[in-house]
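Hi,

Here is the structure I promised to pass on. Have a look at it first, and then read my notes below.

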Amino acid sequence: MLARAGCRTALVERSGYQSPRAGEMLAPRANVVLHQLGVWEDFQQCAPIPATGIDSCWGADEVRSTDFIFSPYGNGWHLNRSQFDLMLMEKARQSGAAVSTGCLGTSVEGEGAGSWKVEFRAGNRVARMHTERLINATGRTSRLPGLDYPKRLLLDGLAGISRSFRMKSHTSARTLIESRPEGWWYAAALPGDTTIVVFLTDSDLIDCARKDLDKWFSQRLSETRTIQPAVRGAHEYSPLRVHSASSGFAVIPSARWTAAGDAAQSYDPLCGEGIVNALDSGINAAQSLLNDRSQPAEAAQRIDQFTRYLEARRAVYSTEGRWASHPFWKRRSQPVREFSMLPIERLTV
Ligand SMILES: Cc1cc2nc3c(=O)[nH]c(=O)nc-3n(C[C@H](O)[C@H](O)[C@H](O)COP(=O)(O)OP(=O)(O)OC[C@H]3O[C@@H](n4cnc5c(N)ncnc54)[C@H](O)[C@@H]3O)c2cc1C
């Protein structure tokens, strides 16, 4: 967006998009955002699988189905996430942004009068760039030394443990969700005859199993009603990967720099909207820079949105009453007092 609007824009990414990434399901609302960004045709070239709905085993033993046929936005999608992110990067390049991959942002230094010196490393080479405006989009766990948040809240210790399975063919493009005493699972069919299976639990609850996480994961998987049958007989072809999946909110110092995506606020994967929210917040960040808007009003809007998200998260987790005394579920039934009690002035530094 910035490059298309005529701004000299540099986009720096540490990876080369070779490794698998977390987050594979695109919520139906993304259909609107992808059109808005002008990337719909390129998105279709990634051959995403149309997703027709969600089958969940949550709060009861039987499976309940939610069909996207009732969504005003149409169907959702299951993606090869690395390919999707690479496609967005290529579109930015075609729009005129200078793109560097395999390039790690290592530090940031304010130079006064609203300008920045940013240092990068690519292999043994170090490079510097001077810029007037900065958007931090480094995700939920990354840190960019020199870019300090006045406040950053981490609201839980949720972690996602994932494994991919090679399938003979896919029988369904529905997302499966199943709750268990220690957390919840999802499974999704992905392009390339792959199914991803992910277990979401609190990181302290797997501490005792870290020595043999493989065995622990397989054991928990075998206890599921719907997830294990979806990959029965399939070949496990990836090692286990552990991702941070915690919900978090960052206070962003308005005039000096801004943040987008998980670097600004991150959501429980259960809401299934992390990617589309990240796209939205990238669009908002670009618009703020283009309009040179001061941000207190936006900060209030973000706080309001995140408070509503926390209330919705608590309501959804409360519908699972079978293991209410287990730490995983008990923690999520508590109101998040720290967040809602923070005075707004402190959040708009
Ligand atoms: C297990 C799990 C499952 C999920 N499932 C879904 C789902 O099904 N649907 C959904 O919508 N959301 C899902 N999410 C959430 C979703 O993945 C995130 O909300 C989304 O990826 C946020 O995008 P982002 O661009 O802000 O951050 P990221 O996707 O984390 O991207 C950050 C980028 O910054 C780069 N980077 C980091 N530090 C530096 C640095 N110093 N220099 C240069 N580059 C850097 C990284 O390499 C990366 O490319 C899931 C999350 C988890 C953990």
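The shell around the ligand takes at least three residues from each of domain 1 (23-93 + 157-244) and domain 2 (133-153 + 246-349); the domain bounds come from an automatic or database domain assignment. Before going further, please keep in mind that this is a predicted model, in which local features need pLDDT of at least 70 and side-chain atom pairs count only at pLDDT 80 or more, while totals for chains, interfaces and linings use all residues. Residues are numbered from 1 along each chain as its sequence is written.

**Confidence**

The protein chain has a mean pLDDT (the predictor's confidence in each residue, from 0 to 100) of 90, and 93% of its residues reach 70 or more. Residues 343-349 stay under 50. Where pLDDT is low, the predicted coordinates should not be read in detail.

**The ligand shell**

In total, 31 residues surround the ligand, and the closest are G23, G139, G160, G261 and G274. Helices (H or I, at least four residues) and strands (E, at least two) are DSSP runs, numbered from the N terminus. By type, the shell divides into 14 nonpolar, twelve polar and five charged residues. Here Ala, Val, Leu, Ile, Met, Phe, Trp, Tyr, Cys and Pro count as nonpolar, Asp, Glu, Lys and Arg as charged, and the others, Gly among them, as polar.

**Where the domains meet**

The C-alpha centres of domain 1 and domain 2 lie 22 Å apart. Across the boundary, 22 residues of domain 1 are in contact (C-beta atoms, placed from the backbone, within 7 Å) with 19 residues of domain 2. On the domain 1 side, two or more residues each come from strand 2 (25-26), helix 1 (30-36), strand 13 (158-166) and strand 16 (194-202). Strand 16 gives the most to that side, with three residues.

Helix 1 also holds V33. Why is V33 buried? V33 counts as buried because 21 other C-beta atoms lie within 10 Å; the cut-off is 20 or more, with 12 or fewer for exposed and partly exposed in between, C-beta atoms being placed from the backbone. Leaving out residues up to four places away in sequence, V33 touches V276, L279 and D280. V33 and D280 are 247 residues apart in sequence, yet 7.3 Å apart in space, C-alpha to C-alpha.

**The core**

The largest nonpolar core has 59 residues, of which L26, W185, A187, V197 and V198 touch the most other members. Such a core is a set of buried Ala, Val, Leu, Ile, Met, Phe, Trp, Tyr and Cys residues joined through C-beta atoms within 7 Å. Neighbours within four places in sequence aside, the contacts of V197 include W185, A187, L221 and I227.

**Two backbone details**

Most residues other than glycine have a negative phi, and most peptide bonds are trans. Y17, although not a glycine, has a positive phi of about 65 degrees; Y17 is in the loop between strand 1 (10-12) and strand 2. D193 has a positive phi of about 50 degrees, and D193 lies in the loop between strand 15 (183-190) and strand 16. D193 is partly exposed because it has 13 other C-beta atoms within 10 Å.

Best wishes

Technical notes: Two residues are in contact if their C-beta atoms, placed from the backbone, lie within 7 Å. A residue is near a molecule or strand if its C-beta atom, placed from the backbone, lies within 6 Å of it.
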